Amino acid sequence: MAAVLRSGQLAQGQAVASLETAFAAFVGAPFCVATSSGTAALHLALLAHGVGPGDEVITTPFSFIATANAILYTGATPVFADIDPDTLNVAPDSVERAITPRTRAILPVDLYGNPCDLVAFEDIAHRRGLALIDDACQAHGADIGGRRTGSFGTGCFSFYPTKNMTSGEGGMIATSDPDVAERAAMLRSHGSTDRYVHEELGYNYRMSEVHAAIGLAQLQRLEERNAARSANAAHYDAELGLPRPAVLPNAHPAWHQYTLLLERGRRNAVAVRLEQVGVGVGIYYPTPIHHQPLYRRLGFTASCPNAEAAAERVLSIPVHPGLNSEDRHYVVEQVKSALSGWR
Ligand SMILES: Cc1ncc(COP(=O)(O)O)c(C=O)c1O
């Protein structure tokens, strides 16, 4: 960090280039392009794949709003395919059913750090001539079929402070397509191909050197911190044994959230009770994207019953690497007590 400040170059310098190289090596993708946020990464990835007005992009309704908003930014239309009720990730068969002649890309999400079926999506994208853009904003270091997220199609990551690794704010595009990487880098900086030469309408989605320096330090600790998350998740699996999103047989999640699937109608009371006893819980997400006021106003009428049901059942309990064994024990006891009498 001090080296960055001393260098006098505070944007798009050596630290950004080093983070791009190190992250590419980490995920196993040939090219990485750093951005100012995960949302910017998604927007640029879609643009770099040529998505625009008149196109459809198939995605999940059960995600953070940024996933679908990035599609709207391009002028394309998000098409919501329902999730698998076990994994809570968008289901390959519902994606395949939603393909039309206008479909340009599929944009699944690795929700909670749990890889979606990227092997199936890669196959669908290949067979149907579509771009695959994986929203891995919650899944740094997760893998499926022996490959990390970011190495399937084009992957997008967020380095927002709550994520498994942060740069303060920031994001990353990982891709094996050199043209996508080149276009994303050009659009990241006002469509500039040379100093003060602007070929296209671009954006200021650059990452600063200060943010990149934080990202580099965080990347060094990512595997150790993901291992701590996994140990916490394994503890909850063993001690609580409650339903949670299923992990595909060939996958290893990077548990961003550890999420219980409670009975419908009981989740909110359990959340209140846990907050009262000092257990920080989260609901990701209480409203599926197609039911958000913005999307309703835009006329989205899709029915995604599995996503709608999940939104009423999910409750995330602390899984972050800062938990010690006493914290975990306390969480387990409090969850059991909040649920007692209901099971
Ligand atoms: C699934 C998902 N997609 C996209 C984003 C957007 O990332 P950012 O907040 O860095 O713009 C986030 C995180 O906030 C996310 O969780």
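Select His190 first. Its relative accessibility is 39%, so His190 counts as partly exposed. This is a predicted model. Find His190 in the loop between H7 and strand S10 (192–194). Check the backbone: phi of His190 is positive, about 55 degrees, although the residue is not a glycine.

Step on to Gly191. Gly191 also lies in the loop between H7 and S10. Is Gly191 buried or exposed? Gly191 has a relative accessible area of 0%, so it is buried. Now show what surrounds Gly191. Leaving out residues up to four places away in sequence, Gly191 touches Met186, Val197, His198, Glu199, Glu200, Gly202 and Tyr203.

**Past S10: Tyr196**

Select Tyr196 in the loop between S10 and strand S11 (197–198). Tyr196 is another residue with a positive phi although it is not a glycine; the value is about 60 degrees. With a relative accessible area of 68%, over the 50% cut-off, Tyr196 is exposed.

**Back into H7: Val180**

Select helix H7, residues 178–188, and pick out Val180. Val180 has 3% relative accessibility; buried means under 20%, so Val180 counts as buried. What does Val180 touch, not counting residues up to four places away in sequence? The list is Ala48, His49, Thr154 and Thr175. Then draw a line from Val180 to Asn69. These two are 111 residues apart along the chain, and their C-alpha atoms are separated by 20 Å.

**Along that line: helix H4**

Asn69 is one of the buried residues of H4. Select the whole helix, residues 66–73. H4 is mostly covered, with six of its eight residues buried. The buried set is Ala66, Thr67, Ala68, Asn69, Ala70 and Ile71. Which elements do the buried residues of H4 pack against? Colour these in turn:

- helix H3 (38–48) and helix H10 (293–297)
- strand S2 (56–59) and strand S3 (77–80)
- strand S4 (103–107) and strand S5 (131–135)

Just after H4, stop at Gly75. Gly75 takes a positive phi of about 90 degrees.

**A cis peptide: Tyr284 to Tyr285**

Select Tyr285 in the loop between helix H9 (267–276) and H10. Look at the peptide bond from Tyr284 to Tyr285. That bond is cis, with omega near 15 degrees.

**A strand residue: Arg148**

Select strand S7, residues 147–148, which holds Arg148. The relative accessible area of Arg148 is 22%, so Arg148 is partly exposed; the cut-off for buried is under 20%. Display the contacts of Arg148, again without residues up to four places away in sequence. Arg148 touches Phe26, Val27, Gly141, Ala142, Asp143 and Glu223.

**Two domains**

Colour the chain by domain. Domain 1 covers 2–215 and domain 2 covers 222–339. How far apart are the centres of the domains? Taken over C-alpha atoms, 24 Å separate them. Now show the contacts across the boundary. 41 residues of domain 1 are in contact with 38 residues of domain 2.

**Zoom out**

Show the whole chain as a cartoon. There are twelve helices and 14 strands. Along its principal axes, the C-alpha trace spans about 70 × 50 × 35 Å. The radius of gyration is 20 Å, which agrees with the value near 20 Å for a compact globule of 343 residues.

Of the contacts with a separation of 6 or more, 69% join residues 24 or more positions apart. Then colour by accessibility. Of the 343 residues, 53% count as buried.

Last, select the charges. The chain has 27 positive and 34 negative charges, and their mean positions are 5 Å apart.

Technical notes:
Residues are numbered from 1 along each chain as its sequence is written. This is a predicted model: local features need pLDDT of at least 70, side-chain atom pairs count only at pLDDT 80 or more; totals for chains, interfaces and linings use all residues. Side-chain values use heavy atoms; hydrogens and water are left out. Helices (H or I, at least four residues) and strands (E, at least two) are DSSP runs, numbered from the N terminus. The radius of gyration is taken over C-alpha atoms; the globule rule is 2.2 Å times the number of residues to the power 0.38. Buried means under 20% relative accessible area, exposed over 50%, partly exposed in between (1.4 Å probe, protein chains only). Contact means heavy atoms within 4.5 Å. Lys and Arg count as positive and Asp and Glu as negative; His and the chain ends are not counted. The place of a charge is taken as NZ of Lys, CZ of Arg, CG of Asp or CD of Glu. Domain bounds come from an automatic or database domain assignment.
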